[in-house]
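Visitor: I would like to learn how to read side-chain features in a model like this one. Could we begin with the aromatic rings?

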Amino acid sequence: MDLSGNRFLVIGRAGMDLYADPPGTRSEDATQFSASLGGSSANIAVALARHGGSCSLVTCVSDDAVGRFCLNQLDHYGIDRRHVRTVGGEARNSLAVVETRIEDHQSVIYRNRAADFEMSEADVVGVDYAAYSALITTGTVLAAEPSRGAAFRSFELARAAGLPLIFDVDYRPYSWPSPEVAAQTYSRAAAQCDVIVGNDVEFGFMAGDYSKGLDKARSLVRDGAGIVIYKMGEGGAITITPMEEIRSGIFPVRAIKPTGAGDSFLGGLVAALAAGFSLPDAVLRGSACAAIVVSRIGCAPAMPTTAELEQFLATHPGPNEV
């Protein structure tokens, strides 16, 4: 898998995050909030851009102030938005009300008539896939039509252009009509992808039995995936390839919130692979990026630059072994 072109097409949502301010405040007690770019796909694009990658986002945003906020933020982070379409009517942009706290952390996500679910096949067929190094998507994009069909069409077009497919499971139950539909759709998507990243709960969900998540991850590699990363929170991760399984730990930090870690991990992982790092080192760098983000406020604005990542690696002990 050659990612050296360092140009990525990312499909999925961009939203507004509202963080209760000051840090530590519960949302119901807050009198002020700070706004930042959010949404898993937008966060991943920012993470890659912070490491010098070139990213284009494919999604839809609402034709209102929140949608325009997202467009302005994409510009701020240097994300190409030529494939971001504005939709009117009753569609509304994804909105998250979040807290900078670990204990009793609350995240309230508004996804009613979400604008990003309006992405259609017309939005993906006009993309020049050959201009990119890989297609990256998250599971949220598959939760409703027409977005689901558009995503699977993009898989076909990317594959025809020779692009590897990178899939972050990102299961959000509130977005799906039923767990059965979600599990079936995720399994269909994962079967087509080269790199699949998810946590133990997500793989267990896909397997239909939470005790069989690791078996599911291994089966995806047996069926053709090149890399599957099975994340276990504080337990580290198991990276599975056709040749080996690599167990890795996490970097101990003082976390101030749980959000953004997965997006930062994926961005750091892909950026490291594009830069020519070995797979174990890429997982290590992704883990460090995740540790940095949970110790900072916000998601997109918390994504580290390469220089910040190098500084972290130079000043922090290695990851805890599992």
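Guide: Rings of Phe, Tyr and Trp (its six-membered ring) pair if their centres lie within 6.5 Å, and planes under 30 degrees apart count as stacked, over 60 as edge-to-face and the rest as tilted. In this structure, Phe167, Tyr171, Trp176, Tyr186 and Phe205 form one aromatic cluster. This is a predicted model, in which local features need pLDDT of at least 70 and side-chain atom pairs count only at pLDDT 80 or more, while totals for chains, interfaces and linings use all residues. Residues are numbered from 1 along each chain as its sequence is written, and side-chain values use heavy atoms, with hydrogens and water left out.

Visitor: How many aromatic pairs does the structure hold, and at what distance and angle do tyrosine 171 and phenylalanine 205 pair?

Guide: A pair of aromatic rings is described by the distance of the centres and the angle of the planes. The structure holds seven aromatic pairs; in one of them tyrosine 171 and phenylalanine 205 are stacked, 4.1 Å centre to centre with 15 degrees between the planes. That pair links distant parts of the chain, 34 residues apart, since tyrosine 171 is in the loop between β9 and α5 and phenylalanine 205 is in helix α6 (residues 200-207); helices (H or I, at least four residues) and strands (E, at least two) are DSSP runs, numbered from the N terminus. Phenylalanine 251 and phenylalanine 312 form an edge-to-face pair, with 5.4 Å between centres and 65 degrees between the planes.

Visitor: Are phenylalanine 251 and phenylalanine 312 buried or exposed?

Guide: Buried means under 20% relative accessible area, exposed over 50%, and partly exposed in between (1.4 Å probe, protein chains only). Phenylalanine 251 is buried because its relative accessible area is 5%, and phenylalanine 312, at 7%, is therefore buried as well. By contrast, arginine 254 has a relative accessible area of 68%, so it counts as exposed.

Visitor: Which residues does the salt-bridge network around aspartate 170 join?

Guide: A salt bridge is a side-chain nitrogen of Lys or Arg within 4 Å of a carboxyl oxygen of Asp or Glu, and the structure holds 15 of them. In one, the side chains of arginine 13 and aspartate 170 meet at 3.7 Å, N to O. Arginine 13 lies in the loop between β1 (7-11) and β2 (15-21) and aspartate 170 in the loop between β9 (165-168) and α5 (179-190), so the pair ties together parts that are 157 residues apart in sequence. Aspartate 170 also forms a salt bridge with arginine 172, whose closest N and O atoms are 2.8 Å apart, and the shared partners join Arg13, Asp170 and Arg172 into one network.

Visitor: Where does arginine 188 lie relative to phenylalanine 152?

Guide: A charge sits over a ring if NZ of Lys or CZ of Arg is within 6 Å of the ring centre and within 35 degrees of the ring normal. Arginine 188 lies over the face of phenylalanine 152, at 3.6 Å from the ring centre, and the charged end of arginine 285 sits over the ring of phenylalanine 277, 4.2 Å from its centre.

Visitor: Which residues does asparagine 93 touch?

Guide: Contact means heavy atoms within 4.5 Å. Not counting residues up to four places away in sequence, asparagine 93 touches several residues, among them Ala14, Val61, Cys70 and Tyr110. Asparagine 93 is found in the loop between β5 (80-87) and β6 (95-98), and its relative accessible area is 7%, so it is buried.
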